[in-house]
Structure formats: structure tokens, C-alpha cells
Amino acid sequence: MPLEPLPPSLAAASFTADEALRLGVDKRRLSADDLFMPSRGIRTPELARQTLLQRARPYTALHRTTALTHLSAAMAHRIPLPAWAQDATLLDLSRAGTPDDPKHERLGQPRRAEIRGHRLRLKDDEVMALEGTRITTPSRTWLDLCSVRRLTMDDLIAAGEYLVSEHERAYYPRTAVVPLADLRSFVESRHRVVGLGRARIALELLAVGVDSPQESYLRQMLERAGLPLFIPNCPVTDPWGATLWVDLGNPKFRVSVEYEGEHHLADQQKAFDAVRDRRTRAAGWLQVKITKEDMAKGEAYVVAKVREALRAHGYRG
């Protein structure tokens with residue numbers, strides 16, 4: 001006997017058994033072979049091709065205080081993380097007492113298969129709905145990342161610079177996910193939160209205008225080495241009076257540093273880069289290109305390449 005079709009709203013992604021029953025699905029249908037049960041009270045259609053948020057949504061629907069947090073929330077918000085932290089097989093879920101409950105309802109952290117459970121005290125303005133899933137806001141997510149000890153300070157700065165990055169480049173202006181002033185105000189308003197000390201340190205090291213995590217790691221290398229300050233998305237005026245922007249630039253010594261990711265190998269990008277390079281040289285700037293292979297050779301190697309260019313333009317350090 002063919003299986004009764006699921007309601008359209010349940011056919012493409014995970015759902016709770018209670019949601020199905022409320023829509024009139026027979027209880028026996030929930031035991032059919034075309035549905036997986038990743039955890040008690042949750043079903044997943046075998047043909048579902050779902051996003052992280054869709055997979056997490058029923059878990060947050062099981063209890064009003066459960067939210068997606070930490071590394072999983074960062075992935076959902078597209079906050080850059082090192083490769084080891086991008087494990088989509090596990091969901092970070094946190095549970096907290098409701099703010100309007102004077103007894104601050106106490107519940108244990110979520111303990112289920114596929115779940116890394118946490119317990120947080122979350123305020124109303126620290127949780128949002130994203131595609132129907134309760135999730136910590138970008139600001140609160142970044143603060144919680146600061147409690148993950150395996151993430152280095154460089155990782156936290158790269159994540160923070162993604163959130164605060166904004167600029168008015170002609171080709172692709174960028175608006176901050178969270179303006180730096182707002183992120184600073186948020187962190188300053190929190191108390192007794194794990195990771196708060198690291199967050200305060202990282203905040204003082206954030207730069208606005210960085211376009212990629214690789215550029216962020218590169219900028220931090222140069223700053224740690226004590227080289228002259230490099231400005232992210234630094235404007236350069238060419239001899240014809242037009243403005244171009246370099247990834248990192250030092251106007252005093254007229255040295256620019258470009259991180260050449262894999263997308264720079266595409267023919268169209270190569271043509272764009274060639275024009276940019278000619279205009280940069282015509283403006284009297286010396287250009288240093290850094291690749292993934294250069295970064296793999298270590299910080300000392302990268303710093304030496306940039307220092308050599310600075311010295312060619314008068315730097316004595």
C-alpha cells in the first residue's frame with residue numbers, strides 16, 4: 001500500500017512529531033520507512049536536502065528556550081571559522097531560562113545525538129528568528145565564539161572583522177552586519193559571560209574594511225611584526241585622478257599588499273587584476289602579492305616579503 005504523502009510543509013526538511021500530528025498526520029505514518037528519526041520527537045524525510053538552519057529548526061521548536069548557538073550559529077550567520085570548526089554534523093544548542101520567568105526556569109543543557117549542548121543566560125535582544133529557527137544574534141554569537149578556547153585570537157578577530165566590515169568601494173560597497181560601535185556597545189553592556197575577557201581584547205584589535213578572513217590573518221601578521229600600519233581597503237589615486245582600492249595599503253611608503261585567493265585565477269578576474277596592477281604602479285606604489293602558498297610558508301616568510309617592499313620605498317625598520 002503506497003504511503004500517504006506528507007503535507008508539503010513537512011516534505012522537504014526535518015519537523016517535530018507534534019507538528020505533524022497537529023497537521024493531521026496519522027501517528028503510524030511517523031514510523032514509516034521513508035522517515036528517519038535523528039532524535040526523539042523529530043523526523044527527517046529520507047529525500048530531504050536541507051540547510052543547517054532547516055535541520056536545527058525542529059530542535060529549537062521542541063522547547064521555547066532552546067536556540068542555535070556557538071559554532072553552529074556562526075556557520076548559519078556565515079561568520080568565517082577555521083576548517084576544523086565547520087563541522088555541520090553536530091549542532092550547538094543552548095537552553096536558558098525565559099527572561100519573563102521570575103523563577104528563571106532551570107533546565108539542563110540539551111543532551112541528544114548530534115547535539116553539543118550548552119546552557120546560557122540569554123536576553124531577549126540576544127536571540128532572533130532566522131528562517132524559523134531560534135538562533136543567537138550575530139553579536140551574541142561572536143561573544144560566545146570568544147568562549148571557545150580552541151579558537152585563537154586571530155580566529156576571533158577574523159570573525160569580528162567580518163561582522164564590522166563596511167566600505168564604499170565603487171564596485172561592491174559593503175554594509176556592516178554589526179557596526180563596530182554597536183558591537184562595542186553590546187560587549188560593554190554584558191556582564192558575567194564566559195569569553196567576555198577575550199572579547200574585550202579582540203575588540204581593541206579589530207579593523208574596519210577587511211574583505212576576507214585571509215586578509216584579516218594577513219593584516220594581523222603584519223601588525224604583530226611591528227611593521228608600519230596597513231589600512232584595509234586603502235584608497236589609491238592613480239595619475240588620471242581616479243580612485244582604486246587595494247586590500248591593504250600603507251600611504252606613507254606607498255606599498256600595497258594584495259591577497260590573491262583562488263578566484264584570482266579566473267580569466268575575468270585576471271584581466272581586472274592586470275588593470276589594477278598597472279594603475280597601482282602608475283601611482284608610484286609598490287605592490288606585494290601574497291598567495292595561499294605564501295601563507296603556508298609561515299608568518300616570518302610573509303612578513304619578510306612585505307618588509308623588503310617597504311625598505312625599497314624608504315622604510316628603515
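Author: Start with burial: a residue is buried under 20% relative accessible area, exposed over 50% and partly exposed in between, with a 1.4 Å probe and protein chains only. The model is predicted: local features need pLDDT of at least 70, side-chain atom pairs count only at pLDDT 80 or more, and totals for chains, interfaces and linings use all residues. Residues are numbered from 1 along each chain as its sequence is written, and side-chain values use heavy atoms, leaving out hydrogens and water.

Reader: Is D154 buried or exposed?

Author: D154 has 18% relative accessibility, so D154 counts as buried.

Reader: Where is the place of D154?

Author: Helices (H or I, at least four residues) and strands (E, at least two) are DSSP runs, numbered from the N terminus. D154 sits in helix α5.

Reader: What does D154 touch?

Author: Contact means heavy atoms within 4.5 Å. Not counting residues up to four places away in sequence, D154 touches Y217, Q220 and R224.

Reader: Where does A96 lie?

Author: A96 is in the loop between β5 (91-95) and β6 (115-119). A96 is buried, with a relative accessible area of 5%. A96 and T65 are 31 residues apart in sequence, yet 5.5 Å apart in space, C-alpha to C-alpha. Neighbours within four places in sequence aside, A96 is in contact with T65, R119, L120, R121 and L122.

Reader: Which residues make the contact?

Author: From α4 come S139, R140, W142 and L143; from α6 come L183, F186 and V187.

Reader: How many residues are in the largest nonpolar core?

Author: A nonpolar core is a set of buried Ala, Val, Leu, Ile, Met, Phe, Trp, Tyr and Cys residues joined through side-chain atoms within 4.5 Å. The largest has 40 residues, and L68, W142 and L145 have the most contacts inside it. Among the elements giving two or more residues to this core are α2 (52-62), α3 (70-76), β5 and α4. A second, separate core of 19 residues includes L248, Y259, M295 and V302.
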